[in-house]
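Please have the coordinates open as you read.

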Amino acid sequence: MNKKVVIIGAGLGGLATAIRLSSLGWEVTVVEQGSRPGGKLNRFSHLGYTFDTGPSLITLPHVFDRLFNVCGSDFYKLIKPLQIDPLFEYRFDVGDRLTYSSDLPELAREIERVTGSIDDVKGLYRFLKMGAKLFELSEKTFFQSTPMSRPTFEDLKSLLSAPKLHAWGSYDKAVRRHFKSSQMRQIFQRYPTYVGASPHRSMGTLALIPYMELAFGGWYVPGGLYRIVEELVLMATRAGVQMEMSTRVSQIQMEGKRVTGVVSTSGQFYDADVVVSNADPASVFDFTDGVAGTKLKAEEHSMSGFVMLLGLDRKVEGLRHHTVCFSGDYDREFKQIIDEQRFPDDPTVYVNIPTVTDDSMAPSGKESVFLMANAPAGSQVWTREFELEAAQRIRKRLASSGMPDFMEHARFVEYWNPARFEREYSSPRGSIYGRVAHGWGGTFLRPPLKDPQVQDLFYVGGGTHPGGGTPTVLLSAEIVSGMVGKP
Ligand SMILES: Cc1cc2nc3c(=O)[nH]c(=O)nc-3n(C[C@H](O)[C@H](O)[C@H](O)COP(=O)(O)OP(=O)(O)OC[C@H]3O[C@@H](n4cnc5c(N)ncnc54)[C@H](O)[C@@H]3O)c2cc1C
């Protein structure tokens, strides 16, 4: 008889682990509460408009390719990802704009033009050098497919001994040390939000994020990033993975301290030799009454977001695929989100218009627009009235940044708020990236990949090691599959 593994959740991490473990010879069943696979990497379609409801940009495409290779497929040929360059247009409150190219000499010219000096060009090179060093060290330690549940002391030591890195203080201080202009500071302060963290509370080690983005590019997938999920589901089913949709796991069954399977809310038992949870370790803590998983305090959750999906009745000219409209006072914005735990008065708005690159995402002559602002995790405040209030703040910010009034031309608006993220994905407090990467603990001591209390119970995804974001989730699947090993 084949040995069985049950995976709780068909998010990116769950699907990747299913494919990897089935290729090792396990009989794999994925049990997903939602009616569609993909978790936070998902899709919304309406009146011929298509939207990615989660990620809109991926980095490290070679990590995706490694997963596709497990099934003999080629990510680049099958998915045909497109590198978006220039990657962003940044709009500042003071009125100026910076086009962020992945071509370094071009970017250097643009920085000099906007800031009026080459100081921040030099700062950029130094900051990227630090990011490169950190990336190289992480590849040898935290990102490795070695059977470890947490980084070892040796891993930390090798990172710490990195010569002359200003990586151990606050990320914000590292940014201020490297950049003089308000514009470059704002651009680089934003990167910790890629993992739902604040620049003021996270460590300089996150400098590897802007490095990875520039070095490996920011990529889009024609047809939307959900195409990745569609291919992964096909690969998994071909490999014999059993997918049980609309089935919520409410118990982990054990004999003594050893896992024997999971039970759904309808009482269905799925027996297993090994269980891998793609549900956040904090959510497992809740539904097992603390027997398994990791308890998180309210302030330990990463940020959530407020997202608006708009189907426009026309094209808007002169806009890029990715634009960021910065708030007037970024420090105040983080203070409101992190310290005061409230949606900011003046939110920085990320504007994603996939139809700039890909006509298939909307009816001919129309535009699909995705707007996102960071929001604190926590669902209580999100009544319908508050959602409309938040939408007005976004509209005001867009107007101040010289953006067209998207809402005036919207045939419909679909809202996603932290309460919806929590409801649809059982994401604790609607947080997007699990435990927040604040300080040493949040960065290095994430909830472990292997449950410390329960034997044969593992975790995969943004809530565990190494952290959130699509490529990191795939690394998590690589590491945990190595730990589970052959049946
Ligand atoms: C708005 C938004 C924008 C983002 N932008 C980007 C981006 O641009 N680039 C990027 O790289 N990343 C981005 N991300 C983050 C990225 O989407 C996530 O890090 C990644 O998809 C998380 O994958 P995961 O494996 O951790 O699982 P999740 O997506 O959290 O999936 C977990 C799955 O488990 C299921 N589940 C939970 N509990 C149970 C249960 N008890 N029983 C059964 N099933 C259960 C859930 O329904 C879900 O399907 C974004 C996310 C959001 C929401």
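A backbone N or O atom of G462 lies 2.7 Å from an oxygen atom of the ligand. This counts as a polar contact, meaning a pair of N or O atoms within 3.5 Å (within protein, one must be able to donate a hydrogen and the other to accept it, and residues adjacent in sequence count only if both atoms are side-chain atoms). The model is predicted, with local features needing pLDDT of at least 70 and side-chain atom pairs pLDDT 80 or more, while totals for chains, interfaces and linings use all residues. Residues are numbered from 1 along each chain as its sequence is written, and side-chain values use heavy atoms, leaving out hydrogens and water.

Here are the backbone contacts to the ligand:

| Residue (backbone N or O) | Ligand atom | Distance |
|---|---|---|
| L57 | nitrogen | 2.8 Å |
| G462 | oxygen | 2.7 Å |
| G469 | oxygen | 3.0 Å |

Taken alone, the ligand exposes 1,000 Å², and the protein buries 94% of that (Shrake-Rupley accessible areas with a 1.4 Å probe). Helix 1 (12-23), helix 14 (418-425) and helix 16 (470-484) each give two or more residues to the shell; helices are DSSP runs of H or I with at least four residues.

In total, 36 residues surround the ligand, and the closest are G13, E32, K40, G462 and T470; a residue is included if one of its heavy atoms lies within 4 Å. The shell holds 17 nonpolar, 15 polar and four charged residues, with Gly counted as polar.

Why does the ligand lie between domain 1 and domain 3? Both domain 1 (4-81 + 223-294 + 447-484) and domain 3 (301-425) give residues to its shell, so the ligand lies between them. The domain bounds come from an automatic or database assignment.
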